[in-house]
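Let's take a walk through this protein together. Have the sequence and the fold side by side, and follow along residue by residue.

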Amino acid sequence: MTPAIATVRADCAADQAGTITFDLTAPAPAPASVLLLRRRGAAGQRPGGTVRIPLSGSGPGRLRAVLPAATELSEGRWDAYVEEPGSETARTVEPGLRDLRALVDRSPDTGAVSVSARVPYPTADGRLALRCWVRAPHAEAGAVVVGRAGMTVEGVLYGVAVGEGAVVEARLPGDRERVHRFPLTPADGPSGAFACTVPYGPPAEGPVDGAQLWQLWLVPAAGTAGVRISRILDDVWSRGKSFVYPARAAAPGVLATPCYTADNDLCLRLEPGPAVR
């Protein structure tokens, strides 16, 4: 039986195309070992829920695995392991240095039918994982400006053209009746660039007894399906706590705050609170 790797630590580097190189430290190269990526949760047990990447020696005590951009990975969170021949248990991988500079402000071809993004990140319990997005079509959020009466969002739409009757919808999950629509306007920049102002007042017209997370969707034309507005084309795997915007008064006793979810989807949060300027 091949000796198990005692501790594995991986440095990661990404290129602009989305290829990710993993350089692992190990006591000795094990040519038949693989880097195993397993989709988190029950999806990891289904077909397509695991990907095995061959490991090869890249120097004394170093192993390398390359995940090409063309490799299909479903949207979700993928945990990294090392799987060795003869070992019954795959070993988790600890995160090392992450060189993700090439992912900052990526600009896919505006004619792309779909957009994908992959960001290696450290989990809360110290393991290496990969956050993957696959969106077709996709509305990439850019600048978010917090005004006194509303938030203005700029972005770029990929995979579908803006047509007549295009709007941004603020939707309250679980309540189909509470949907507010605001006009979409073209913006300077690449093909598909858009802008929209979402006033705080309309979503606050109903009762706000607790925190409400209004999702923002771009509807490219009247009668078409909505596209979730998110920001995924950079090196931030979770914007929920790292991108913080100021609160504004939406109504007496109601505060409105633009925010991102842990999955980088853009929202408007309403909650009871004191009056603010």
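**Salt bridges, strands and a pocket**

By the rule used here, the count comes to 17 salt bridges, a salt bridge being a side-chain nitrogen of Lys or Arg within 4 Å of a carboxyl oxygen of Asp or Glu. Before we visit some of them, please keep in mind that this is a predicted model, in which local features need pLDDT of at least 70 and side-chain atom pairs count only at pLDDT 80 or more, while totals for chains, interfaces and linings use all residues. Residues are numbered from 1 along each chain as its sequence is written, and side-chain values use heavy atoms, with hydrogens and water left out.

Start with glutamate 83 and arginine 52, whose closest N and O atoms are 2.7 Å apart in a salt bridge. This pair links distant parts of the chain, 31 residues apart: glutamate 83 sits in strand 7 (residues 76-83) and arginine 52 in strand 4 (residues 50-54). Strands here are DSSP runs (E, at least two residues), numbered from the N terminus. Both partners are partly exposed, glutamate 83 at 25% relative accessibility and arginine 52 at 49%. For these labels, buried means under 20% relative accessible area, exposed over 50%, and partly exposed in between (1.4 Å probe, protein chains only).

Next, look for arginine 135 and glutamate 75, whose side chains meet in a salt bridge at 2.9 Å, N to O. Arginine 135 is buried, with a relative accessible area of 13%, whereas glutamate 75 is partly exposed at 23%.

Glutamate 169 is buried, its relative accessible area being 8%; arginine 171 counts as partly exposed at 24%. Elsewhere, salt bridges that share partners join Arg40, Asp79, Asp125 and Arg127 into one network.

Now turn to strand 14 (residues 167-171), which is mostly covered, with four of its five residues buried. Which strands does strand 14 pair with? One is strand 15 (residues 179-183), paired with strand 14 in the antiparallel sense over five bridges; two strands pair if DSSP finds at least two bridges between them. Here alanine 170 has histidine 180 of strand 15 as its bridge partner. Strand 18 (residues 212-219) also runs antiparallel to strand 14 and is joined to it by five bridges. In that pairing, valine 168 stands opposite leucine 218.

Let's move on to alanine 249, which is found in strand 20 (residues 248-251). With a relative accessible area of 31%, alanine 249 is partly exposed. Glycine 273 is 24 residues away from alanine 249 in sequence, and the two are 8.7 Å apart in space, C-alpha to C-alpha.

Our last stop is the largest pocket, with a volume of about 180 Å³. Its lining includes Asp105, Arg106, Glu140, Tyr158 and Arg231. Strand 12 (138-146) and strand 13 (150-158) each supply at least two residues of this lining. A pocket is an open set of 1 Å grid points over the protein atoms alone where a 1.4 Å probe fits, with protein on both sides within 12 Å along at least five of seven lines, and lining residues have an atom within 4 Å of a point; volume is the space filled by probe spheres set on the points.
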